[in-house]
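Student: Can we walk through this one together? Please keep it quick.

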Protein chains: 2
Amino acid sequence: MNDHIARERSMTDLTRATADIPPGRATIVDVARAAQVSRQTVSNVLNRPDKVAAPTLERVLREIDRLGFTPHVTAQQLRRRKAAAYGFEVNPSGHGRMGHILDEFLVQLTVAAPAHGSHLMTFAPDPDDVIEGYRQTLATGLVDGFVLADTRPGDPRPQWLLDHHVPFVAFGRVWDLPELLQWVDVDGGTGVRDAVAHLVAAGYERIGFLGWPAGSPVGDDRRSGWLAGLADAGRTASAVEAEESVQDLDQATAAAERLLRRLGPGSAVVCASDMLALGAVRAVRNTGLALGADIGVVGFDDTDVAEALSVTSIRQPIAEAARTAWDLLTSPQSPRPVLLSPVLTVRSSTTRTPSSPATRPRDTPITEEQ
Amino acid sequence: MNDHIARERSMTDLTRATADIPPGRATIVDVARAAQVSRQTVSNVLNRPDKVAAPTLERVLREIDRLGFTPHVTAQQLRRRKAAAYGFEVNPSGHGRMGHILDEFLVQLTVAAPAHGSHLMTFAPDPDDVIEGYRQTLATGLVDGFVLADTRPGDPRPQWLLDHHVPFVAFGRVWDLPELLQWVDVDGGTGVRDAVAHLVAAGYERIGFLGWPAGSPVGDDRRSGWLAGLADAGRTASAVEAEESVQDLDQATAAAERLLRRLGPGSAVVCASDMLALGAVRAVRNTGLALGADIGVVGFDDTDVAEALSVTSIRQPIAEAARTAWDLLTSPQSPRPVLLSPVLTVRSSTTRTPSSPATRPRDTPITEEQ
DNA sequence: CTGAAAGCGCTTACAG
DNA sequence: CTGAAAGCGCTTACAG
């Protein structure tokens with residue numbers, strides 16, 4: 001099996017001890033033999049090329065290339081006592097409120113891994129004892145640490161990892177441990193604030209907020225961004241301009257209808273999620289108004305739903321979050337928290353009139369810097 | 001770091017060679033010492049317990065437990081020349097037509113991995129040279145093979161893997177290589193057929209199909225399932241009862257409107273995707289009809305969108321597909337293809353009247369066996 | 001600058 | 001049934 005590498009390799013394979021090893025991959029010894037050096041020198045070429053004389057270096061590199069040699073990472077891991085791998089927890093029951101954002105985060109972590117000489121191993125802990133899942137995964141020696149996602153108040157993982165000196169980084173603020181520095185998050189509040197600015201510029205008069213019931217840090221953060229945006233524009237929020245709903249379409253629709261009744265045409269609604277925005281879109285229709293022209297709607301997370309409905313939505317910079325996570329994990333300096341700004345994807349749901357100066361090309365993400 | 005395991009371990013650590021190794025994890029040698037046996041015996045306890053005398057076995061197991069010993073998988077991999085890991089390609093640009101199904105597949109593969117003594121490593125090949133990504137990943141020795149997803153006509157991966165004797169299994173038929181046996185897929189045709197039966201039972205008179213343009217194996221399969229379902233019910237399809245659209249909401253809505261005009265109230269539309277179903281739902285509204293009562297709509301994949309809109313949808317048994325993939329990959333016998341039946345999640349979009357006998361509790365998946 | 005030695009933690013024939 | 005030996009493929013001080 002796996003005779004895919006270095007088919008040109010020499011017949012010295014036959015000297016290998018165990019007969020059941022199929023010929024196939026070149027090892028450091030094969031390269032050493034071909035280049036007429038010791039295998040330590042080959043290792044030096046790989047790991048500390050500055051310590052190798054130029055002619056030797058070139059000769060060894062040539063043989064590495066010719067034989068198609070790639071170091072066996074498992075052997076490196078064992079010898080270096082470092083897996084150069086990190087664990088990432090996945091969750092069968094969907095990722096709760098975060099939806100598919102975490103799927104994209106996993107993809108982007110994978111994309112960025114090679115640049116940090118690392119890779120990712122997924123694992124699915126028992127929901128009844130998540131910590132045990134982390135303990136076992138670590139005990140295999142297959143990972144050096146973890147990338148946490150979906151951090152939440154009461155999350156036992158950060159403290160456990162801290163207690164056991166396990167390297168980790170969190171995507172999402174670690175709410176319980178304000179002194180903790182190794183996290184990257186997206187500044188949802190700023191995203192909403194920028195969306196309000198966009199709506200003001202687009203000409204909407206009153207701007208309401210459709211959010212979740214108070215108490216979730218993420219939701220409260222987005223709500224305060226809305227208030228800040230209103231303040232930026234010199235407007236004051238009155239209590240009647242906000243509504244809340246749990247993540248259920250019918251309830252969201254009903255809440256949006258109440259909100260629209262108070263706001264009236266010419267106003268806009270910023271929503272804490274695309275699901276809530278979908279409810280708002282239905283409410284607009286049920287009320288007999290036109291999306292965009294009469295009522296602006298902004299969602300959050302720029303999911304398939306927002307794209308399909310042509311709803312403007314606040315997009316988290318997931319790829320950047322993933323790269324930052326690796327930086328925090330592998331950088332030698334002491335980490336500091338990173339708060340990334342989301343980006344507004346403007347679509348027709350926030351175009352008041354077709355000829356409005358606020359109209360932007362559909363589906364073109366723009367950053368609303370303030 | 002990582003002093004999380006076996007803090008009760010003996011002080012014999014100090015005899016370890018490299019000083020920079022923090023005390024922490026118990027090794028097989030620690031267990032051997034504590035149990036007064038050689039380390040080979042500990043290994044035998046782990047790998048061939050039947051070859052160890054009962055008292056010895058018990059004594060060693062007790063020490064393993066007391067010291068919290070877990071074998072170092074990296075060392076096992078090196079010695080066994082087997083990674084017991086498989087690579088899974090992830091794709092930044094979304095997974096094309098399959099949507100988030102593949103994200104769930106990855107999660108379910110991860111869930112099922114430990115039962116097969118294996119784990120999963122994600123990697124993201126360069127889209128311009130996917131094969132090279134597979135080659136490099138394999139060359140690290142970190143994986144023994146791959147789980148392929150999103151197979152499609154013209155896919156170069158199966159043939160390359162075959163040529164290089166790399167173990168793999170595919171989620172999705174390998175269209176180009178009919179002789180290939182190691183795949184698991186979901187029988188979309190049967191899913192659609194069952195959906196038609198459900199609609200007939202629910203009392204819808206004419207049943208149309210909203211699909212993709214002909215030419216995609218997956219789409220054509222679903223369309224033929226619709227025809228088979230009509231035949232089952234003793235109905236014949238006429239060309240006017242089908243429409244097609246690319247995966248764009250506006251186009252899908254327009255196509256659905258054309259279809260509805262021909263079908264009239266009391267009929268239903270089976271769609272090849274939830275996105276198309278969303279278009280159908282909009283068309284129903286635009287036409288002034290009531291979803292469910294006047295027009296039935298069925299989607300495919302049971303995504304968030306279907307759930308949010310309360311649309312009946314055909315769900316792929318992803319967890320079962322993942323388990324089957326592991327079986328095919330790790331079973332010693334020669335593999336045979338597996339075609340799984342999807343399951344219909346019935347919601348109010350296919351409830352003709354509130355008191356209809358076809359009404360089923362919302363969100364309860366049921367299997368429509370024929 | 002180059003190479004002989006030791007060793008990462010484990011497993012697998014093979015003697016006893 | 002148990003243990004001494006060899007070795008997986010690599011890296012890291014350390015002599016020369």
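Tutor: First, a term: helices (H or I, at least four residues) and strands (E, at least two) are DSSP runs, numbered from the N terminus. This is a predicted model, where local features need pLDDT of at least 70, side-chain atom pairs count only at pLDDT 80 or more, and totals for chains, interfaces and linings use all residues. Residues are numbered from 1 along each chain as its sequence is written, chains are lettered from A and ligands numbered from 1 in the order in which they are written, and side-chain values use heavy atoms, with hydrogens and water left out.

Student: How many residues surround DNA strand C?

Tutor: 27, and Q40(A), T56(A), R79(A), R81(A) and I28(B) are the closest. They split into nine nonpolar, 11 polar and seven charged. Here Ala, Val, Leu, Ile, Met, Phe, Trp, Tyr, Cys and Pro count as nonpolar, Asp, Glu, Lys and Arg as charged, and the others, Gly among them, as polar.

Student: What does R39(A) lie 3.3 Å from?

Tutor: A base nitrogen of DNA strand C, reached by a polar side-chain atom of R39(A). That is a polar contact, a pair of N or O atoms within 3.5 Å. I28(B) uses a polar backbone atom, 2.5 Å from a phosphate oxygen of DNA strand C.

Student: Switching to DNA strand D. Which residues are closest there?

Tutor: I28(A), Q40(B), T56(B), R79(B) and R81(B), out of 27 that surround DNA strand D. Sugar and phosphate make up 56% of the atoms of DNA strand D within 4 Å of the protein.

Student: And how far is the R81(B) side chain from a phosphate oxygen of DNA strand D?

Tutor: 2.2 Å, counted from an N or O atom of that side chain. For Q76(A), a polar side-chain atom is 2.8 Å from a phosphate oxygen of DNA strand D.

Student: Back to α4(A). Which residues are buried?

Tutor: V73(A), T74(A) and Q77(A) are buried, meaning under 20% relative accessible area (1.4 Å probe, protein chains only).

Student: Why are they on the same side of α4(A)?

Tutor: Because they cover an arc of only 105° around the axis, taken from the directions from the helix axis to the C-beta atoms. The buried residues of α4(A) pack against β2 (119–123) of chain A and α4 of chain B, with contact meaning heavy atoms within 4.5 Å.

Definitions and conventions
A residue is near a molecule or strand if one of its heavy atoms lies within 4 Å of it. A polar contact is a pair of N or O atoms within 3.5 Å; within protein, one must be able to donate a hydrogen and the other to accept it, and residues adjacent in sequence count only if both atoms are side-chain atoms. Buried means under 20% relative accessible area, exposed over 50%, partly exposed in between (1.4 Å probe, protein chains only).
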